[in-house]
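Here's a quick briefing to read with the model open beside you. Have a look at the fold first, then work through the notes below.

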Amino acid sequence: MSVYMHAAERDAARATYKATKHLENDESFSDFVAKAVHAEVRRREEAHNDGRPFESRGAEPLSPGRPML
């Protein structure tokens with residue numbers, strides 16, 4: 001999985017990971033990102049689907065969008 005984000009957001013994420021990985025027991029930057037994605041998924045499930053998981057579409061492709069600089 002590849003994602004594109006603004007450089008300032010990427011840099012803030014990396015700095016936060018480096019400063020707190022030992023406090024949060026992050027195994028890697030990928031682990032940090034996975035935790036963040038999981039938290040947002042749960043928030044949206046609660047906000048928009050009565051707290052239930054959305055139906056999975058499997059490997060259905062997502063629109064790629066364009067790279068953000």
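In this predicted model, a polar atom of the N49 side chain sits 3.3 Å from the backbone oxygen of P53. N49 itself lies in the segment after helix 2, helices being DSSP runs of H or I with at least four residues, numbered from the N terminus. Local features need pLDDT of at least 70, side-chain atom pairs count only at pLDDT 80 or more, and totals for chains, interfaces and linings use all residues. Residues are numbered from 1 along each chain as its sequence is written, and side-chain values use heavy atoms, with hydrogens and water left out.

- N49 comes out at 18% relative accessibility, so it counts as buried (buried is under 20% relative accessible area, exposed over 50%, partly exposed in between, with a 1.4 Å probe and protein chains only).
- Setting aside neighbours within four places in sequence, N49 touches R44 and F54; contact here means heavy atoms within 4.5 Å.
- D50 also sits in the segment after helix 2, and its phi is near 50 degrees, a positive value in a residue other than glycine.
- D50 is exposed, with a relative accessible area of 68%.

**Helix 2 itself**
- Helix 2 covers residues 29-48, which makes 20 residues.
- From first C-alpha to last it reaches 28 Å, close to the 28 Å expected at 1.5 Å a residue (the expected span is 1.5 Å times one less than the number of residues).
- Which residues of helix 2 are buried? They are D31, F32 and E45.
- Looking down the axis of helix 2, those buried residues fall within an arc of 155 degrees, so they line one face of the helix; the arc is taken from the directions from the helix axis to the C-beta atoms.
- As background, an α-helix has 3.6 residues a turn, so residues three or four places apart point the same way.
- The buried residues of helix 2 pack against helix 1 (7-24).
- S30 and H48 are exposed, on the other side of helix 2.

**The loop between helix 1 and helix 2**
- D26 lies in this loop and is buried, at a relative accessible area of 10%.
- The D26 side chain makes a polar contact with the K35 side chain at 2.8 Å (a pair of N or O atoms within 3.5 Å; within protein, one must be able to donate a hydrogen and the other to accept it, and residues adjacent in sequence count only if both atoms are side-chain atoms).
- Beyond its neighbours within four places in sequence, D26 is in contact with Y17, K21, D31, F32 and K35.
- N25 is in the loop too, but N25 is exposed, at 60% relative accessibility.
- The phi of N25 is near 55 degrees, another positive value in a residue other than glycine.

**The largest pocket**
- The largest pocket holds about 630 Å³ of space, the volume being what is filled by probe spheres set on grid points joined across faces, edges and corners.
- A pocket is an open set of points on a 1 Å grid over the protein atoms alone, where a 1.4 Å probe fits, with protein on both sides within 12 Å along at least five of seven lines; lining residues have an atom within 4 Å of a point.
- Its lining has 15 residues, and M1, V3, M5, V33 and V37 lie nearest the centre.
- Helix 1 and helix 2 are the elements giving two or more residues to that lining.
- Helix 2 supplies the largest share, 8 residues.
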